[in-house]
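Please look over the sequence and the model below before reading on.

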Amino acid sequence: MASQLAITAQHGLPPVDLKPLLTKMWPVDDTKVSPAEIAKAISHFFTNQVTDAQTASLLMALHFTKMDFRADVLAECAQAMLKAAAPIPVKELREIIAKRGKKEGNYNGGLCDIVGTGGDSHNTFNISTTSSILASAIILVSKHGNKASTSKSGSADLVNHMKPRAPNVNAVSPSTLTKVYSATNYCFLFAPVFHTGMRYVAPIRKQLPWRTIFNNLGPLANPVEDVLEARMIGVARRDLGPAFAEALRIGGCKKALIVCGEEELDEVSCAGRTLCWMLKETGPGAEVVIDHFTVEPSDFGFSPHPLSSVSSGKEAAENAEILGRILSNELPAEDPLLDFILINTAALLVTSGVCESNASSMGPGDDGQVIEERGPGGQRWKEGVRRARWAVQSGEAWRQWKAFVDVTNDIAPA
């Protein structure tokens with residue numbers, strides 16, 4: 001404790017004692033502890049004002065009281081995490097987004113994210129990362145990610161092993177975001193670069209045998225939140241679906257899709273039904289509602305495949321080689337993994353609103369045959385697949401990825 005307090009003193013910030021809060025948290029009584037109190041306590045983690053013992057105690061208390069599953073707690077704590085993050089140039093980013101002119105259908109041209117909570121134990125391929133790259137052929141993407149915590153290949157591990165050259169994800173920072181988006185539709189936001197205060201919490205999380213509230217907060221705390229138009233979040237437990245949807249609504253989100261495969265999978269399942277919670281406005285400036293429904297592979301035009309056919313269980317380098325083949329359009333059309341990726345890419349495209357477009361063509365290689373059929377939730381899932389397939393076959397996803405690799409390697413590390 002002495003060394004930690006010495007570090008705190010060096011920063012000119014007084015230590016914060018959480019004993020009063022911890023005392024109120026057991027036995028569980030919702031009237032004793034407010035979400036704001038919890039968020040305030042967690043905000044002190046990012047400035048290293050709380051001892052390791054009390055940090056671990058609060059994380060354990062939230063876990064065992066299940067307060068880390070409550071929408072109001074998640075919403076408040078996500079905001080605290082975002083306030084502690086490195087500030088981004090909102091005005092300049094909005095100007096770049098407007099200049100890029102990607103608006104189409106009900107998509108306003110803003111940044112979009114696709115992310116999962118992880119921890120589903122299915123050890124599938126890096127679906128959300130791959131889908132984020134494919135979607136960037138059509139929309140602007142800000143993929144928020146980190147190294148693996150519960151799997152062999154986290155999103156950052158995957159992109160860092162890409163051939164023939166990996167992007168320099170550490171070069172993507174608040175000061176370089178506009179340069180990146182001037183060159184490409186795609187950007188990978190490496191969490192430690194933006195959430196610098198998490199370095200004080202990371203060693204403590206690693207020593208605990210349970211997932212903590214931060215596993216849930218990460219997907220809710222994309223650093224470019226202020227210019228994020230839409231997001232798709234996969235949760236590994238179905239009881240987290242309503243909580244995440246409500247937490248996003250509380251936080252002011254107007255366009256999102258929360259998904260949980262019935263196998264407790266944090267993606268849209270290729271094997272069976274997926275539970276969905278969609279946030280959408282009932283009209284311009286109107287109330288945001290949460291629509292609950294289910295989808296299955298047939299809604300996207302596919303036959304189901306068992307998860308065993310898409311569970312790579314591979315290291316990051318092997319997954320990176322597979323991703324390279326996908327971007328080069330080298331996977332067989334009937335490959336179950338390709339179906340799985342197209343389904344999830346389609347879901348992100350649907351969420352963005354771009355699939356509401358009736359534009360005759362996306363570009364070279366597009367047949368211009370818009371699929372107007374609507375499925376669950378009143379959405380054009382098959383049109384999403386058509387667009388996702390074009391992203392691969394046209395080579396546009398590969399071009400956006402290559403542009404991202406090139407611009408990040410051109411940027412001098414800070």
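**Contacts in a predicted model**

There are 21 salt bridges in the structure, which is a predicted model. One of them joins Glu262 to Arg273, with 2.7 Å between the closest N and O atoms. Both residues lie in the loop between S5 and S6, so the pair ties together parts that are 11 residues apart in sequence. Glu262 is partly exposed at 30% relative accessibility, and Arg273 is partly exposed at 39%.

The strands on either side of that loop can be taken next. Strand S5 (residues 256-261) pairs with S6 in the antiparallel sense, over six bridges, and Ala256 stands opposite Leu279 in S6. Strand S6 itself (residues 274-281) is mostly covered, six of its eight residues being buried. Strand S6 is also joined to strand S7 (residues 288-295) by eight bridges, and these two run antiparallel. In this pairing Cys276 is placed opposite Phe293 of S7. S6 and S7 make a hairpin with six residues between them, and in the turn Gly285 has a positive phi of about 75°.

Asp291 lies in strand S7 and Lys280 in strand S6, so the contact connects parts that are 11 residues apart in sequence. Asp291 is partly exposed, with a relative accessible area of 24%, and Lys280 is partly exposed at 27%.

How many aromatic pairs does the structure hold? The count is eight. Among them is the pair of Phe46 and Phe214, which is edge-to-face, with 6.1 Å from centre to centre and 70° between the planes. This pair links distant parts of the chain, 168 residues apart: Phe46 is in the loop between helix H3 (35-43) and H4, while Phe214 is in helix H12 (residues 213-217). Phe46 is buried at 8% relative accessible area, and Phe214 is buried at 4%. The rings of Phe293 and Trp381 form a tilted pair, because their planes are at 55°, with the centres 6.1 Å apart. Phe293 lies in strand S7 and Trp381 in helix H16 (residues 381-393), so the pair ties together parts that are 88 residues apart in sequence. Both of these residues, Phe293 and Trp381, are buried. Phe45, Phe46 and Phe214 form one aromatic cluster.

Arg387 and Glu383 are both buried. The two belong to a network of salt bridges that links Glu104, Asp366, Asp367, Glu383, Arg386 and Arg387.

The cysteines give a count of zero disulfides. For Cys77, the closest cysteine sulfur is that of Cys253, and at 18 Å the distance is too far for a bond. Cys77 is buried, with a relative accessible area of 0%. Cys355 is likewise in no disulfide, as the nearest cysteine sulfur, in Cys112, is 11 Å away. Cys355 is buried too, at 2% relative accessible area.

Phe64 belongs to helix H4 (residues 52-65) and counts as partly exposed because its relative accessibility is 48%.

Key
Residues numbered from 1 in each chain as written. Predicted model: local features only at pLDDT ≥ 70, side-chain atom pairs only at ≥ 80, totals over all residues. Heavy atoms only, no water. Helix = DSSP H or I, 4+ residues; strand = E, 2+ residues; numbered from the N terminus. Buried < 20%, exposed > 50% of the residue type's maximum accessible area, 1.4 Å probe, protein only. Pairing = 2+ DSSP bridges. Disulfide = S-S within 2.5 Å. Phe/Tyr/Trp six-rings, centres within 6.5 Å; stacked < 30°, edge-to-face > 60°. Salt bridge = Lys/Arg side-chain N within 4 Å of Asp/Glu carboxyl O.
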